[in-house]
Amino acid sequence: MKPLFDLHTHTIASGHAFGTQKENIEPAVGRGLLVLGRSDHAPGMPGSAHSFYFGNYKILRKTLLGIRIIKGIEANITDFAGTIDVDAEMAGKVEYVIASLHPPCIPFGTRSENTAALAGAMANPFVKIIGHPDDDRYPLDYEELVIAAKRENVALEVNNSSFCPGSGRQNGVKNARTMLHYCRQFEVPVMLGSDAHIWYDVGEMGRCRALLRETDFPPELVLNYRMDGLDYVLNRKEKSVNTSGGSVR
Ligand SMILES: [Zn+2]
Ligand SMILES: [Zn+2]
C-alpha cells in the first residue's frame with residue numbers, strides 16, 4: 001500500500017525551509033500522491049510568516065499542476081495547557097491545524113507536562129493532527145496520549161523526518177515504536193507525514209513505512225493508505241469551538 005497524501009510539508013515561508021510551493025508539487029506527483037497539504041510554521045516560530053500569509057491562502061487554487069492542494073498550518077504549542085499560537089480567526093482561514101512541540105516556543109517539560117500539553121491541544125477543535133510526538137526532549141506518556149487521541153479523534157503523526165540522521169529530535173524510532181504499540185492496542189489510526197523542509201523530501205515516507213513493516217502495524221490503521229483517511233483527518237473532529245481544555249489566543 002502506498003501513501004495517497006502528505007499533509008506535513010513546509011515551504012520557504014517557514015523561514016528555515018528551502019522549497020517553493022511549485023517545487024514541492026513535482027516530487028508529490030512523482031511519488032503518486034493525490035493530495036498535497038502545505039503546513040508552514042505558524043508565526044510563533046522565529047522566521048516564519050506573518051498571519052497575513054495564511055490569510056492570503058484564499059488565492060491558492062484547490063488544484064495546482066494536477067494535484068489537490070490542502071491548506072494547513074503547523075501551530076506551536078506555547079504552554080503546558082495546550083494553548084497554540086493560532087487563534088480562531090487564523091484557524092478559520094486554513095483547512096487543518098497540526099499542533100506540535102517546538103523548542104523555540106515551549107520549554108522542555110516533564111512527562112506529565114508534555115502529555116498534558118498535547119492533550120490540551122487535542123481538545124482544541126481546530127487541531128486535527130499532533131505533529132511528531134516522538135522526541136525524548138519532550139518525553140510523553142504514550143498510553144495516555146493515544147487514549148486522548150482516540151477520545152478526540154485527532155490523528156497522531158508518524159514523522160519521517162524524525163527518523164533521519166541529523167534530526168534534532170531524539171530517539172524518534174524508539175518513541176514512535178512505543179506509540180504504535182498503543183495505537184494498535186487501542187485501535188487508534190496514525191497519519192504518516194514527511195515534514196519535508198526541502199522539495200525532494202515531499203512525500204518521502206520510506207522510514208515511516210519501514211517502521212510499520214518492522215512492527216507489523218495494521219495497514220487499516222494508516223490513514224494515508226485510503227482517501228477516507230483524509231476525511232478522518234479533516235472532518236471527523238466536529239465539535240463546537242468553545243470546548244474545555246486547550247485554548248486559543
Ligand atoms: Zn514541527
Ligand atoms: Zn513541520
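Close-up 1. Aspartate 195 is buried, with 27 other C-beta atoms within 10 Å; a residue counts as buried if 20 or more other C-beta atoms lie within 10 Å of its own, as exposed if 12 or fewer do, and as partly exposed in between, with C-beta atoms placed from the backbone. The model is predicted, and local features need pLDDT of at least 70, side-chain atom pairs count only at pLDDT 80 or more, and totals for chains, interfaces and linings use all residues. Residues are numbered from 1 along each chain as its sequence is written, while chains are lettered from A and ligands numbered from 1 in the order in which they are written. The loop between strand E8 (190-193) and helix H7 (206-214) holds aspartate 195; helices (H or I, at least four residues) and strands (E, at least two) are DSSP runs, numbered from the N terminus. Apart from neighbours within four places in sequence, aspartate 195 is in contact (C-beta atoms, placed from the backbone, within 7 Å) with His8, His132, Asn159, Asn160 and Ser161. From asparagine 159, aspartate 195 is 36 residues away in sequence and 6.6 Å away in space, C-alpha to C-alpha.

**Close-up 2. Strand E2 and its partners.** Strand E2 (residues 35-41) is largely enclosed by the rest of the structure, because six of its seven residues are buried. Strand E1 (residues 5-6) pairs with E2 in the parallel sense over two bridges; pairing requires that DSSP find at least two bridges between two strands. Phenylalanine 5 has valine 35 in E2 as its bridge partner. From E1 the chain passes through helix H1 (residues 21-30) to E2 in a right-handed β-α-β crossover, that is, with the strands pointing away from the viewer, the path from the first strand over the helix to the second runs clockwise. E2 also runs parallel to strand E4 (residues 67-76), to which seven bridges join it. Leucine 36 stands opposite isoleucine 69 in E4.

**Close-up 3. The two faces of helix H8.** In helix H8 (residues 227-235), the buried residues are Gly229, Leu230 and Val233. Seen down the axis of H8, these buried residues fall within an arc of 105°, so they line one face of the helix; the arc is that of the directions from the helix axis to the C-beta atoms. Met227, Asp228 and Asp231 are exposed on the other side of H8. Among the elements covering the buried residues of H8 are E1, E2, strand E5 (96-100), strand E6 (127-130), strand E7 (155-159) and E8.

Technical notes: Contact = placed C-beta atoms within 7 Å.
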